Amino acid sequence: MAKIVLENVRKVYNGTVVAVDDMSLEIPDGEIVSLLGPSGCGKTTTMRLIAGFEDADEGKIYIDDQEVTTWPPNRRNFSMVFQFPVVYDTMTLYENIATPLRTLKTDESRIRAIVREVSSSFGIDEDSWHKKAAKLSISDRQRLSLAHAFAVERNLYILDEPFSNIDPKSRVRLTKYVRDIQQKKRHTLVFVTHSQSEALTLSDKIAVMKEGKLLQYDSPDAIYSKPANTFVGWFLGNPGMNFIHCSCRQKNGRLYLDGGAFVALDRIPAAYQKVITGERAIILGIRPEQVEISQTAKEAFIPCVCHFAEPLGSRLLLNVKLGQDVMMNVKVPLEAGVSVGDKVYVHLPEDRIMLFDDKTEEAL
Ligand code: ATP
């Protein structure tokens, strides 16, 4: 196991495509770090730079304080699992798991003990060891390739979208196997994913990327509850954070948030009172599940009309219109029974609101 550090790393393809831009990241020893972001944001390139499949144009890469920027992949000592499972079809399950250990000339009795341990970690029954891999389902193939990858102690384990072709039920199971073995052995693990739910459940830390840049690097909880900017707020969540362009205005000596046709909040949230001291434009952010709703008029509730209502499991997702043109997603319990066309009232609780700079869109 090892700590991985990227220091101001930059990768440009064909002289013009900046895939990774001034990336600095420390992946702590024994933690799972997810690289998350939309297609083309540079996740795969970052992973390939860590693995040594690509050379950095600028910056340095370290494994446990040893600079490895120019080292080839085989010196970096990692295992990798890809989106499409790599297994040897003509070999048995046992041989598939044992192969990397044979390459390292591990003693046969030790190989058997390791195969037994890693099989058990991935729920592979000893009775199936003799079977050929060719007939396995895609999720069992991925399970086998995970067992193959985790059979050897490495500095690092890289999982490149390993669950994107797996059915949802098996995905939950495989995710749990990975989390359990990582927690038991304290492996350092880099997980490349498009899926925010996988990143949120599996990671100790998430690196959210956009256009080659690292936008935020923090725990899943912090990324979700305190996004560094509007993009992160929007990207995480289902659906993401709502944003309302507001003006901070002064009335009777007090600043309040004016949403145009409605008062979003009759005073600056307590957490921002030292940051915002005068009139200015601002973006208010709030998550759909944190908006309160009422079917009757109440003080500090904003009247709106429901334009869209869709059940989402135990919740109802509403899209409501505030004033002339502000649309907002709201998640309420299914029993709320709101339908399209209903007049409802929303409240934006002061302690749930985040404020962002109207130009940079960074959190204030
Ligand atoms: P995806 O989720 O779609 O795989 P990603 O976040 O992993 O995307 P990368 O594959 O790292 O993003 O790509 C980052 C940028 O670099 C994109 O604009 C991509 O088109 C470009 N790129 C990636 N590999 C190459 C390459 N070999 N040659 C030229 N451009 C490349």
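Biologist: How many Å separate an oxygen atom of the ligand from an N or O atom in the side chain of Lys43?

Modeller: Happy to start there, with the reminder that this is a predicted model. A pair of N or O atoms counts as a polar contact within 3.5 Å. The side chain of Lys43 places an N or O atom from a ligand oxygen at a distance of 2.9 Å.

Biologist: Nice. And how many Å lie between a polar side-chain atom of Thr44 and an oxygen atom of the ligand?

Modeller: Thr44 belongs to the residues that come nearest to the ligand, a group that also includes Thr45. For Thr45, an N or O atom of the side chain is 2.5 Å from a ligand oxygen. For Thr44, the polar side-chain atom and the ligand oxygen are separated by 2.5 Å.

Biologist: Which residues around the ligand come nearest?

Modeller: There are 13 residues around the ligand. Lys43 has a side-chain N or O atom 2.9 Å from a ligand oxygen, and it is one of the nearest.

Biologist: Now the pockets. Which element gives the most residues to the lining of the largest pocket?

Modeller: The largest pocket has a volume of about 320 Å³. Of its 15 lining residues, the closest to the centre are Phe78, Ser79, Met80, Phe82 and Arg154. Helix H2 (73–76), strand S6 (78–81) and helix H5 (138–150) each give two or more residues to this lining. With 4 residues, the element that gives the most is S6.

Biologist: And which element gives the most to the lining of the second largest pocket?

Modeller: This pocket holds about 190 Å³ of space. Its lining has 5 nonpolar, 4 polar and 1 charged residues. S6, helix H3 (93–103) and H5 each supply two or more of the lining residues. With 3 residues, the element giving the most is H3.

Conventions
Residues are numbered from 1 along each chain as its sequence is written. This is a predicted model: local features need pLDDT of at least 70, side-chain atom pairs count only at pLDDT 80 or more; totals for chains, interfaces and linings use all residues. Side-chain values use heavy atoms; hydrogens and water are left out. On a 1 Å grid over the protein atoms alone, a cavity is a set of points where a 1.4 Å probe fits but cannot get out, and a pocket is an open set with protein on both sides within 12 Å along at least five of seven lines; lining residues have an atom within 4 Å of a point. Grid points are joined across faces, edges and corners, and a volume is the space filled by probe spheres set on the points. Ala, Val, Leu, Ile, Met, Phe, Trp, Tyr, Cys and Pro count as nonpolar, Asp, Glu, Lys and Arg as charged, and the others, Gly among them, as polar. A residue is near a molecule or strand if one of its heavy atoms lies within 4 Å of it. A polar contact is a pair of N or O atoms within 3.5 Å; within protein, one must be able to donate a hydrogen and the other to accept it, and residues adjacent in sequence count only if both atoms are side-chain atoms.
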